[in-house]
Amino acid sequence: MPVFTEIEDLRRLYQRRVPRMFYDYVDVGAWTGSTYRANRTDFERILFRQRVAQNIEARNLSTQMMGRPVSMPIALAPVGLLGMQHPDGEIHAARAANAAGVPFTLSTMSMCSIEDIAEATRAPFWFQLYTLRDEEFLDNVLERARRAGVTVLVLTLDLTIQGQRHKDLKNGMTAPPRLTLANIINIAQHPRWALGMLQTKRRSFGNIVGHARGVKSLDGLMEWTSRQFDQRLDWRRVEEIIRKWGGPVILKGINDPEDARRALDTGAQAMLVSNHGGRQLDGAPSTIRALPSIRRVVGPDYPLYLDSGIQSGQEALKAIASGANGVFIGRAFVYGLGAMGQKGVETSLSILRREMDITMALCGINDIKDFGPNCLWSDDLDNPTKAARN
Ligand SMILES: Cc1cc2nc3c(=O)[nH]c(=O)nc-3n(C[C@H](O)[C@H](O)[C@H](O)COP(=O)(O)O)c2cc1C
């Protein structure tokens, strides 16, 4: 059994175990990938303050997200097609999140349905909604989410048109994959994955097929999906959907202070600073760069989360110290899922937990609630006269 000490170990195993088109779907950004890369490299510019002799024996990572107790301030972000990374992938990820005491967010574009997750986990979860045109489907999916016990709606605003990812176009990515010669050869090289997929019935979009009018086959689904992303989306419509839902909402995809200012007026309970993991607007700033300006706009007490680029506990802590109340992870758990299903996601989460715990200790902090800007090196500290006052 290999020893997994960092998320990168899981990524390498994942790459070996899953057919190329699904690996390529995850491990990529839009166009040149500049925002995708900046989401990670911009963290490197932020430095921790190494503090000593602080008695760090009583450490605590547990806190709350959206009023829910969590064992650490990390949630699983909505990721489409998890059931193509691992058979019944959404169920595996949701169970791992429950075992680790962190929230799971089911994507609209999942293989397992809302009802599948409710039945398999019997625990509250969060649901991500794309703002779709089909009003009947929208009302219906919100009602299904309510009935399944979904506690928080994550409303994604940054995908009303799809950013271009070269590899997906070149691979002809679909779910389930079309049986072209190239795909058959590639799938044959991943027998463990293929066997698992043959054993599950969940190989298409479980929230859509059989629920959206006229969608019964893969072709019907592709056509329906491409018509659904609503390019007319505006703030009035966002407010309408928030009203329709009637419960707590996180607005996902805010990456600009002016949008954050407008989003506050919608009455949404929280925002998720996100650029969709660099998959939408290439050339946009990393979320860690945009975060401080957004925090200034929403004020110190508004629940603000961040995703995009987090693949270590250190990056999570840098985001928290820079103004986030918690973070969401995408690829960091998908690598684990593709590598080893539920156990892999649990491994991802325990790697992140350990990294957060050790880093917090070496910064001289016991409680995650005290991990703030004072834990980061600042220019003031380079100036000895100012530093003396700290
Ligand atoms: C393969 C993949 C599929 C995604 N699917 C969705 C989705 O269905 N809905 C959504 O709101 N965001 C989706 N996202 C964006 C994630 O929710 C999240 O914003 C992003 O993964 C964060 O960046 P990270 O992967 O660097 O952690 C997806 C991301 C990836 C990598």
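Modeller: What follows is a short chat about the chain as a whole and then about its sheet.

Modeller: This is a predicted model, in which local features need pLDDT of at least 70, side-chain atom pairs count only at pLDDT 80 or more, and totals for chains, interfaces and linings use all residues. Residues are numbered from 1 along each chain as its sequence is written.

Colleague: OK, how many helices and strands are there?

Modeller: The chain has 18 helices and 10 strands, where helices (H or I, at least four residues) and strands (E, at least two) are DSSP runs, numbered from the N terminus.

Colleague: And how much of the chain is buried?

Modeller: Of its 390 residues, 45% are buried, meaning that 20 or more other C-beta atoms, placed from the backbone, lie within 10 Å of the residue's own.

Colleague: Switching to the sheet, what is the strand order?

Modeller: It is an open sheet of eight strands, ordered 3-10-9-8-7-6-5-4 with parallel pairing; two strands pair if DSSP finds at least two bridges between them.

Colleague: Which strands stand at the edges?

Modeller: Those are strand 3 (74-76) and strand 4 (105-106), and because each has a single partner strand, one side of each is left without a neighbour in the sheet.

Colleague: So what does strand 4 pair with?

Modeller: Strand 4 pairs with strand 5 (residues 126-130) in the parallel sense, over two bridges, and Leu106 has Phe127 in strand 5 as its bridge partner.

Terms used. A residue is buried if 20 or more other C-beta atoms lie within 10 Å of its own, exposed if 12 or fewer, and partly exposed in between; C-beta atoms are placed from the backbone.
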